Amino acid sequence: MNGPAGADGPQTIRLDVWLWSARLSPTRSAATAACRGGHVRRNGEPVKAAQKILVGDELRVRSRGRERIVIVTRILTTRVGAPIAREAYEDHSPEPPPQLAAAPPRRERGTGRPTKRERRQFDRLRGRDSSRGPESDPRHEH
């Protein structure tokens with residue numbers, strides 16, 4: 001297993017090795033765990049880490065709340081630099097959702113506890129509805 005495989009190199013490779021080599025996974029064990037957890041699919045089917053992949057396979061890799069859709073264009077046998085790794089696949093992933101444009105408001109230190117009005121504003125910003133009482137909160141136990 002030396003370097004990227006060319007035309008005379010291997011035609012198949014283990015999935016976990018390729019994910020690590022193409023820098024889609026930080027470690028090979030993380031790639032194996034992702035396969036075991038069902039976060040990796042090959043051509044729409046769940047796949048095990050030891051299964052072989054070929055050029056042309058479509059891989060869907062879920063990590064950190066984002067799904068990456070890649071088509072294998074080159075077999076890599078060892079980890080390579082990022083520019084070479086990007087040539088090993090075509091990325092068809094959807095754009096990630098936009099992040100919040102503005103930072104949430106911050107209170108000055110030493111101003112004490114937030115008032116009821118400020119707390120409600122913070123809750124609204126965080127997507128919680130504080131207008132309902134605790135009896136409507138499913139986490140609240142009596």
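## From a hairpin to the core

In the hairpin formed by β5 and β6, where two residues lie between the strands, arginine 64 takes a positive phi near 50 degrees; strands here are DSSP runs of E with at least two residues, helices are runs of H or I with at least four, and both are numbered from the N terminus. The model is a predicted one, in which local features need pLDDT of at least 70 and side-chain atom pairs count only at pLDDT 80 or more, while totals for chains, interfaces and linings use all residues. Residues are numbered from 1 along each chain as its sequence is written, and side-chain values use heavy atoms, with hydrogens and water left out.

With a relative accessible area of 44%, asparagine 43 is partly exposed, a class that lies between buried (under 20% relative accessible area) and exposed (over 50%), computed with a 1.4 Å probe on protein chains only.

In soluble globular proteins, nonpolar side chains tend to be buried together.

A search of the whole structure finds one aromatic pair. The ring centres of tryptophan 18 and tyrosine 89 are 6.2 Å apart and their planes stand at 75 degrees, so the pair is edge-to-face; by the criteria used, rings of Phe, Tyr and Trp (its six-membered ring) pair if their centres lie within 6.5 Å, and planes under 30 degrees apart count as stacked, over 60 as edge-to-face and the rest as tilted. Because tryptophan 18 lies in helix α1 and tyrosine 89 in strand β7 (residues 89–91), the pair ties together parts that are 71 residues apart in sequence. Both tryptophan 18 and tyrosine 89 are buried.

Helix α1 (residues 15–21) also holds aspartate 16, which counts as buried at 2% relative accessibility. The side chain of aspartate 16 makes a polar contact with the side chain of threonine 32, at 3.1 Å; a polar contact is a pair of N or O atoms within 3.5 Å, of which, within protein, one must be able to donate a hydrogen and the other to accept it, and residues adjacent in sequence count only if both atoms are side-chain atoms. Threonine 32 lies in helix α2 and is itself buried, at 18% relative accessibility.

In α2 (residues 28–36), Ala31, Thr32, Ala34 and Cys35 are buried. Seen down the helix axis, these buried residues fall within an arc of 160 degrees, so they line one face of α2, the arc being that of the directions from the helix axis to the C-beta atoms. This buried set packs against α1 and β2 (40–42), whereas Ser29 and Arg36, on the other side of α2, are exposed. After the helix comes glycine 38, whose phi is positive, near 80 degrees.

A further point lies in the loop between β6 and α3 (82–86), where leucine 76 is found. Leucine 76 is buried, with a relative accessible area of 0%, and its C-alpha atom is separated by 9.0 Å from that of leucine 19, 57 residues apart along the chain.

Key: Contact = heavy atoms within 4.5 Å. Pairing = 2+ DSSP bridges.
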